[in-house]
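Me: I would like to go through part of this structure with you. Please have it displayed.

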Amino acid sequence: MDLFEYASKKAAATESPLAARMRPTSLDEVVGQQHIIGRDKLLYRAIKADKIRSIILYGPPGTGKTTLAKVIANTTKAEFMQINATIAGKKDMEDVVSKAKDNLGMYQKKTILFIDEIHRFNKGQQDYLLPFVEDGTVILIGATTENPYFEVNGALLSRSVIFELKPLSKEDVAVLINRAVYDKEKGMGSFDAVIDDDAVEFLSDMADGDARHALNAVELGIMTTERSEDGKIHITLDVARECIQKKVARYDKDGDNHYDTISAFIKSVRGSDPDAAVYYLARMISAGEDPKFIARRMMVLASEDIGNADPQALQVAVAASLAVERLGMPEGRITLSQAASYLATAPKSNAAICAIDDAMKEVEGSGNLQIPTHLQDAHYKSASKLGHGVGYQYAHNYPNHYVKQQYLPYELNGKEFYSPSGNGYELKIRDHMRALKAAEEKRLKEEQSSEE
């Protein structure tokens, strides 16, 4: 280490953001994540024994992915190298691999490569790493906020152990806040600050499991608050409110939270829970989700999960979609809420999607079966010579505007695709169809008796 590098590290230890300075250097200092680093857990044992194999650390921001990597760096005897996928290129990886080969060949020393934001690497970049992970040239530690099963090469995943980090609890964040305020070595203890209990509780709640967010607020509060008459800096509830005015929105329109939240919304509507439906709707709106996307999902819902149990549901969803486009936000939130609560409380039926899915499956399996001749078009030239349309019975000429004849291809005679449920309007549809068929059966029997 040269003089300039030493000076740079010295400055970083005192001038880096509080969240960076407070990073633990040993497992004993880590707060939270006991489900993976508790004393009896695999990762804890592997770190302690310096037997780390390739791993993927997956979790929301501020939950300790980089922290765990740093702890491993301070614990291992292996060479520890770090790159960030947002700025690193193939040349950076080639340099790492080259040095790793030298370490292994010349010194029998392993190399751990920590890649932050590994999901930012494209497929080609991830493929480049694969043979070197496989043959042990490098031990990979990847950190990602995105679902690794979607964003990380499957071959890399198969050679790695995935550890999911959870958002920190309020109690965990409170421990870190107090440590940051009073720790004189890494924290802000030298500023002689004190923090009220209600301020700690408020910041812990507003951080929503993101330690970095809470520590940034603590640092801002201490650095911008004047000393009181007793010579101390007091972080009160009012100061805390000024430093963190909005709860962290864990929502990425291209990430897991996008899919998880819309999934929860859809399942709440399907499950006839209007309170949950409106709650998840509010989360999406607050996070800046495209209201047109929400409206489109409600149109699908109206047919998929309600269908003819309440035919009005689709009209409500379509109207809400048009209204949102014309109103914009924030007024559109009212229309979306009205539609969501209507759909959630409407009677449910999935008969429409079951019908089309079964019919599509039948078409895929049996192909284009012959359409009954009497249903074929009789208007074009030579149609009558082919017998097209001959024998067709015009439904409006019969009682109840219904007549029994072969509509499906003959090979599918008696096949049912649409089965109305017993919910809502579909109960009337079911009873209506049964009544039509019963009346037609009666008419045919009477007609047969009169002929005899």
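Me: Which unit do β3, α7 and β4 make?
Reply: β3, α7 and β4 form a right-handed β-α-β unit; right-handed means that, with the strands pointing away from the viewer, the path from the first strand over the helix to the second runs clockwise. Helices (H or I, at least four residues) and strands (E, at least two) are DSSP runs, numbered from the N terminus.

Me: What kind of model is it, and how are residues numbered?
Reply: The model is predicted, with local features requiring pLDDT of at least 70 and side-chain atom pairs counting only at pLDDT 80 or more, while totals for chains, interfaces and linings use all residues. Residues are numbered from 1 along each chain as its sequence is written, and side-chain values use heavy atoms, leaving out hydrogens and water.

Me: How many bridges join β3 to β4?
Reply: Five, and the two strands run parallel; strands pair if DSSP finds at least two bridges between them. L140 in β4 is the bridge partner of L113.

Me: And β2 with β3, parallel or antiparallel?
Reply: Parallel, over six bridges. The chain passes from β2 through helix α6 (residues 90–107) to β3 in a right-handed crossover.

Me: Why is β3 described as largely enclosed?
Reply: Because six of its six residues are buried, where buried means under 20% relative accessible area, exposed over 50% and partly exposed in between (1.4 Å probe, protein chains only).
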